[in-house]
Structures are given as structure tokens and as C-alpha cells.
Amino acid sequence: MIRTCFRIRKTPSQSRRHFSNALKYQPTSSTDLSQMENKKMNLFTAINDAMRVALETDPSACIFGEDVAFGGVFRCTVDLKDKFGADRVFNTPLCEQGIAGFAVGMAAVGHTAIAEIQFADYIFPAFDQIVNEAAKYRYRSGNQFNVGGLTFRAPYGAVGHGAHYHSQSPEAYFCHTPGLK
């Protein structure tokens, strides 16, 4: 496993022209990457592989959302239900707010919840659950509880004929929300 560490210098005398030097990449492992096994993948195969690794290494990990048990509309969850079972990879009703609320609840009790919203355009009904519940969970509890094991997947832009229902990229709304990464 390769870990990266970014260190930010925060000194009163730091000026804007020196800010670019404030982030320094410092590998924490001396692993020679050229000696590691490589496998060529496209994007959806890499996402599937990452979720497979999560399910293999974390017994509390679950993937759920609209059509994920069938492989998902972009095939990112293909074969995961067969390999890990219907209790860890399962479909949900078409209710984005319900998916988000369920994900927050699972993460709150310690699970690694990977919730998929079929298209990013449809995440807006879940906006309240994500922004007002998940993002503020740690703050509201005085740092006693968190939902740090929560991931939302919401693909966008891959359908060439979806027009205004399948082409929005709403991530900027979430990027500017304190408590979300």
C-alpha cells in the first residue's frame, strides 16, 4: 500500500508567491513501483476493482443503490454481488433521499457504506441528507461520532444522449460544503 502525505506550512510570514511550495509530496513508503505488477484497466474496470478491494479488505463494507446488484448502468458493480453476496451488494428503491439517509445511518453505526446514485443529476433530492446530515454529523456530536466510512458514487457525463437529465456535474455544490471531502 502506498500512502502519500501532504504537509502545509502555516506561518504568518508566508506570502502568496511561496504558497506553491507549501504542499510537498512526501512518500511514506520506499516501494519501487516499477517492480509491482501492473494491470491495464479502463475507468469502469478500475472503479469495479477498487470496490472489490474495499469489499475484500473491509468486512463491514456494503455497496447499494439503483441497479447495483445487476452491475449498474455503467457496469461498475458487475460480478460484485455474485462474489460478496446479496447482503453486501444490493439494490435499493428509486429514492435518492432514502439511499442517502440509509447510507448515513449505516456509516453512523460503523459500516463502510458505498452508496450509488445512478446519475449525478438525480442527487438533488438527497442534497438535504448529504449536506445537512452527513456533513454535520461529527460537528453535531461534539466529535464523538462520525460517518467517515461513507462514500457516494454519482457518475455523470458518460451518456451521449441524455441531455439535461444525464449531463449535469453537481460536485461543486458538495465541494463547498464544510464537512464533506
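**View 1. The largest nonpolar core and its most connected members.** Within the largest nonpolar core, which has 20 residues, those that touch the most other members are F64, A103, A113, I123, I130, V147 and L150. The model shown is predicted: local features need pLDDT of at least 70, side-chain atom pairs count only at pLDDT 80 or more, and totals for chains, interfaces and linings use all residues. Residues are numbered from 1 along each chain as its sequence is written, and side-chain values use heavy atoms, with hydrogens and water left out. A nonpolar core is a set of buried Ala, Val, Leu, Ile, Met, Phe, Trp, Tyr and Cys residues joined through side-chain atoms within 4.5 Å. Buried means under 20% relative accessible area, exposed means over 50%, and partly exposed lies in between (1.4 Å probe, protein chains only). Two or more residues of this core come from each of β3 (61-65), α3 (96-108), β5 and α4 (127-134). Helices (H or I, at least four residues) and strands (E, at least two) are DSSP runs, numbered from the N terminus. With six residues, α3 gives the largest share of this core. In soluble globular proteins, nonpolar side chains tend to be buried together.

View 2. I130 is in contact (heavy atoms within 4.5 Å) with A100, I123, A135, F152, F174 and L180, leaving aside its neighbours within four places in sequence. Another core, of ten residues, lies apart from the largest one; among its members are M51, L55, A61 and V89.

**View 3. A113 in strand β5.** A113 belongs to strand β5, which covers residues 112-116. Its relative accessibility is 0%, so A113 counts as buried. Leaving aside neighbours within four places in sequence, A113 is in contact with C62, F64, A103, M106, A107, G149, L150 and T151. From A113 to V147 the C-alpha to C-alpha distance is 9.1 Å, although the two are 34 residues apart in sequence.

**View 4. Helix α3 and its buried side.** The 13 residues of α3 reach 18 Å from first C-alpha to last, close to the 18 Å expected at 1.5 Å a residue. That expected span is 1.5 Å times one less than the number of residues in the helix. Buried in α3 are E96, I99, A100, A103, V104, M106 and A107. These residues are on the same side of α3 because they cover an arc of only 165° around the axis. The arc is that of the directions from the helix axis to the C-beta atoms. The cover over the buried residues of α3 includes β3, β5, α4 and β6 (150-153). After α3 comes G110, with a positive phi near 105°.

**View 5. Salt bridges around R52.** The structure holds five salt bridges, each a side-chain nitrogen of Lys or Arg within 4 Å of a carboxyl oxygen of Asp or Glu. One of them joins R52 to D49 (2.3 Å, N to O). R52 and D49 are three residues apart in helix α1 (residues 43-57), so about one helical turn separates them. R52 also meets E56 in a salt bridge (2.8 Å, N to O). Here the two residues are four apart in α1, again about one helical turn. R52 is partly exposed at 22% relative accessible area, and E56 is partly exposed at 44%. A network of salt bridges links D49, R52, E56 and K83.

**View 6. The salt bridge between E133 and R140.** The closest N and O atoms of E133 and R140 are 3.4 Å apart. E133 is partly exposed, with 29% relative accessible area. R140 is partly exposed too, at 48% relative accessibility.
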